[in-house]
Amino acid sequence: MSGVGFVLRAEARLPDGATSGMRSAAQGIVWIGVFVGVCVAPLAFALIGASRTGQGFWTDFSVALGFVGLALMGLEFALVARVRAVAEPFGTDAVVQFHRQIGYVGLSFVVVHVALSGPGVFGAFGLAELPWRARFAVLSVVALLVLAVTSVWRRRLRLSYEVWQVVHAVTAAVAVVAALVHVLLVDHYLDSAWKKALWTLMTAAFVGLLLWIRILRPLRLRRRPWSVERVIAERGRITVLVLRPRGHDGLRFEPGQFAWITVGGSPFAVTAHPFSLASSAEEHGTLSVAVKALGDFTTAVAATKPGTTVYVDGPHGVFSIDQYEGPGFCLIAGGVGLVPALSMLRTMADRGDLRPVVLLSAHPDWDSIPFREELDELATRLNLTLVHVLEQPPPGWSGERGYVTAETLRRHLPAAGPRLQYFVCGPNAMLDAMEATLPQVGVPLDRIHTERFTWV
């Protein structure tokens, strides 16, 4: 009976999966077009008919770079605004990486703009006598430099994630707002009504995005609080928070997705933390979040009391077996990266999904494997090949040791290995290694999906 149920569900999901893939591809093309348009538009409408006699190429060129840099700064807000329609076509990892690289490009444009246009300003007035338009320009650049330094060298500066989030949010807002004021005060390149109208529209879009991030979304979260029902200590310094919705119907998500969590604070707080959802997607009464102790906040989670209010912003991400149809799956997990894999396995068990799954679970030693007993129980309900890979195995260990390698994969993957969908989650070094190793064993690149925890 369960086999029949699985066949019906799989047949029903295949068309949806294909439709979802086509829709994501179409959305991706649209967003790329929007990105290019937003970058080019301010350049076009600022420079059409802008040159004055004797102004020169380098002045116009510096202005062009400044406008494009400002557009990129505004787009940075959109990339990290947690808007699902923006992230889903590309994946959260790709969006965050793009956000980082575009930040470098935008900063470079702004610095060159200042280098080409700034010396004359400083020479004519001196730092203390700068006109207000130049003061706002200086403020914007300083904020950008602080933002870049604290992001690139956060660990060297020993900034906690929470402090960095506050600094990042404040400096980003100051940089964009000061740059917009600078443009409006300069005025020369916005000397016609249609240019001012277009620039006002773009400014309203950026400000609206900021309002959504800091006011409207927190207001929505405030109407959907959760309560901590249980706090469970798990191996590997992991704490599981079991949450129950308070006054609403909970959260529907796909196995493997994550959410931004605020524990015991306000939804208006600047700091929030992304954690993978550990529950089965078929479980609708409660929601489980697994947190590994890696810093101040994550260590303090273990002391959370039942009844504590939690706000959940999600679900996010496309790291899910529901996003990529296949005849089976290979899950490669290291450390707390086991959590999204556990969500996928729990969901498959609740659905009666008997497609083959290979789980390679990599950990330092036997006692650091979280959810070990549940994995054994799931292996009795699923078509699951469970492989533990230990760096420091106990005496008499006959299983895999060291790290997941090409040889490890060849020993445990089925004959249909290249046709499986592969999901890899864990430390960055492990993900880098798997992205290089999986193609060596014949896995196509479009079947390799990763989820990184370290974004900054």
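# Chatting through a predicted model

Colleague: Which side chain does Ser-227 make a polar contact with?

Modeller: Ser-227 reaches the side chain of Arg-246, with 2.6 Å between them. A polar contact here is a pair of N or O atoms within 3.5 Å; within protein, one must be able to donate a hydrogen and the other to accept it, and residues adjacent in sequence count only if both atoms are side-chain atoms.

Colleague: Before we go on, what are we looking at?

Modeller: This is a predicted model, where local features need pLDDT of at least 70, side-chain atom pairs count only at pLDDT 80 or more, and totals for chains, interfaces and linings use all residues. Residues are numbered from 1 along each chain as its sequence is written, and side-chain values use heavy atoms, with hydrogens and water left out.

Colleague: Fine. Where does Ser-227 sit, and is Ser-227 buried or exposed?

Modeller: Ser-227 is in strand β1. Helices (H or I, at least four residues) and strands (E, at least two) are DSSP runs, numbered from the N terminus. With a relative accessible area of 18%, Ser-227 is buried. The cut-offs are under 20% for buried, over 50% for exposed and partly exposed in between, with a 1.4 Å probe and protein chains only.

Colleague: What does Ser-227 touch?

Modeller: Not counting residues up to four places away in sequence, Ser-227 touches Val-242, Leu-243, Arg-244, Arg-246, Gly-307 and Thr-308. Contact means heavy atoms within 4.5 Å.

Colleague: Which residue in β6 stands opposite Ser-227?

Modeller: That's Thr-309. β1 and β6 pair antiparallel over 3 bridges; two strands pair if DSSP finds at least two bridges between them.

Colleague: And how many bridges join β1 to β2?

Modeller: There are 8, and those strands also run antiparallel. Within that pairing, Ile-232 faces Val-240 in β2. The hairpin has 3 residues between the strands, and Gly-236 takes a positive phi near 75° there.

Colleague: Switching to charges. Which residue forms a salt bridge with Arg-235?

Modeller: Glu-373, with the closest N and O atoms 2.6 Å apart. Arg-235 lies in the loop between β1 (225–234) and β2 (238–245) and Glu-373 in helix α10 (residues 372–381), so the pair ties together parts that are 138 residues apart in sequence. For the term itself, a salt bridge is a side-chain nitrogen of Lys or Arg within 4 Å of a carboxyl oxygen of Asp or Glu.

Colleague: How accessible are Arg-235 and Glu-373?

Modeller: Arg-235 is partly exposed at 24% relative accessibility, and Glu-373 is partly exposed at 46%.

Colleague: What about Arg-372 and Glu-373?

Modeller: Arg-372 forms a salt bridge with Glu-373 too, at 3.9 Å between the closest N and O atoms. Shared partners join Arg-235, Arg-372 and Glu-373 into one network of salt bridges. Arg-372 counts as buried, at 12% relative accessibility.

Colleague: How many salt bridges does the structure hold?

Modeller: 14. One of them is between Glu-325 and Arg-355, at 3.1 Å from N to O. That pair links distant parts of the chain, 30 residues apart: Glu-325 is in the loop between β6 (309–316) and β7 (329–334), and Arg-355 is in the loop between α9 (338–351) and β8 (357–363). Both Glu-325 and Arg-355 are buried.

Colleague: Another serine now. Where is Ser-280?

Modeller: Ser-280 is in the loop between β4 (273–276) and β5 (287–292), and counts as buried at 2% relative accessibility. The side chain of Ser-280 has a 2.7 Å polar contact with the side chain of Asp-350. A polar atom of the Ser-280 side chain also lies 3.0 Å from the backbone nitrogen of Glu-282.

Colleague: What else is in contact with Ser-280?

Modeller: Besides neighbours within four places in sequence, the contacts of Ser-280 include Phe-253, Ser-343, Arg-346 and Thr-347.

Colleague: Last one: which residues form the nonpolar surface patch?

Modeller: Val-30, Trp-31, Ile-32, Val-34, Val-36, Val-40 and Phe-90, with about 580 Å² of accessible area together. Val-30 is in helix α1 (residues 2–47). Patches are made of residues with over 30% relative accessible area and no salt bridge, joining like charges within 9 Å and nonpolar side chains (Val, Leu, Ile, Met, Phe, Trp, Tyr) within 5 Å. Areas come from the Shrake-Rupley method with a 1.4 Å probe, and for residues only the protein chains shown count as cover.
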